[in-house]
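Good morning, and thank you for the time.

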Amino acid sequence: SIILPTDIAGKQVKWKKNDDPHGPMLAVFGVIIMIAVTVGQKEDKKKKKKARMKELSIDYPDILSKLSLYIGAGFSVKKSFENIAAIYNKDILEKRRTRTAGYEGICELVRRIEDGAGEMEAYRYFAVKMDHKDYRKLVLLLTQNIKKGSRDLIDRLNEEETNAFEERKARAKIAGEEASTKLLLPMMGLLGVVMLVLIVPALMNMNI
């Protein structure tokens, strides 16, 4: 400890602790950074989920089409999924396509069945894992086929395929309209620049 003088050269001296003014400021900045990081992580998760849902929607009509084709040719549902997964994996190895969420889900479904899971259990897990209304609808059709031995599975799959492609067209149309709307603002800006280039020289000549 240090004893500080109470007076210097006959003049009274008062002492006080010199607190660091940067401490509270750093604490506030730390809190702000933590909030920003948390919000950023949530937004990143939302973007990834949205991108995954978009992939699932794009894959769904193609998966339905192939499934209908194989089942119509006499393959069982299980064997049809195995063929779809095999062709997909071959295309990935030969770099003819990139990995997408829908087909990756089919591959995981096939692996679960190969590991000994029952078809009903595997299909239900598949519906939960995909977390998408279209795939839940597909699983419902397949489980009904297993339970009740539905003879019109092909017809129902073809109907679902037609609806899926129509929804895909509608989504593509909406995406095109949104892209056109986003391009409108830059086009208006370019129009403003062109107008300035044309009008300013004319005004300058009039002043002369």
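**Salt bridges and helices**

I begin with Lys46, which forms a salt bridge with Glu43, the closest N and O atoms being 3.9 Å apart. A salt bridge here is a side-chain nitrogen of Lys or Arg within 4 Å of a carboxyl oxygen of Asp or Glu. This is a predicted model: local features need pLDDT of at least 70 and side-chain atom pairs count only at pLDDT 80 or more, while totals for chains, interfaces and linings use all residues. Residues are numbered from 1 along each chain as its sequence is written, and side-chain values use heavy atoms, with hydrogens and water left out.

Lys46 and Glu43 both lie in helix 1 (residues 22-72), 3 residues apart, about one turn of the helix. Helices are DSSP runs of H or I with at least four residues, numbered from the N terminus. At 56% relative accessibility Lys46 counts as exposed, and Glu43 is partly exposed at 38%. The classes are buried under 20% relative accessible area, exposed over 50%, and partly exposed in between, with a 1.4 Å probe and protein chains only.

How many salt bridges does the rule give? The count comes to 10 salt bridges. Another of them joins Lys79 and Glu82, at 3.7 Å from N to O. These two residues are 3 residues apart in helix 2, and so about one helical turn separates them. Both are partly exposed, Lys79 at 38% and Glu82 at 23%.

Asp91 forms a salt bridge with Arg96, with 2.6 Å between the closest N and O atoms. Asp91 is buried at 16% relative accessible area, whereas Arg96 is exposed at 52%. Salt bridges that share partners join Asp91, Glu94 and Arg96 into one network.

I turn to helix 2 itself. Its 17 residues should span 24 Å at 1.5 Å a residue, and the end C-alpha atoms are 25 Å apart, which agrees. The expected span is 1.5 Å times one less than the number of residues. Among the buried residues of helix 2 are Phe81, Asn83 and Asp91. Asn83 touches Tyr70 and Phe75, not counting residues up to four places away in sequence; contact means heavy atoms within 4.5 Å. After helix 2 comes Lys95, with a positive phi near 60°.

**Aromatic rings**

Rings of Phe, Tyr and Trp (its six-membered ring) pair if their centres lie within 6.5 Å; planes under 30 degrees apart count as stacked, over 60 as edge-to-face, and the rest as tilted. By this rule there are 5 aromatic pairs. One of them, Tyr70 with Phe75, is edge-to-face, at 5.6 Å centre to centre and 90° between the planes. Phe81 and Tyr123 form a tilted pair, at 6.0 Å and 55°. This pair links distant parts of the chain, with Phe81 in helix 2 (residues 77-93) and Tyr123 in helix 4, 42 residues apart. Phe81 is buried at 2%, and Tyr123 is buried at 1%.

Which residues of helix 4 are buried? They are Met120, Ala122, Tyr123, Phe126, Ala127 and Met130. Seen down the helix axis, they fall within an arc of 165°, so they line one face of helix 4. The arc is that of the directions from the helix axis to the C-beta atoms. Finally, ring pairs link Tyr60, Phe126 and Tyr135 into a cluster.
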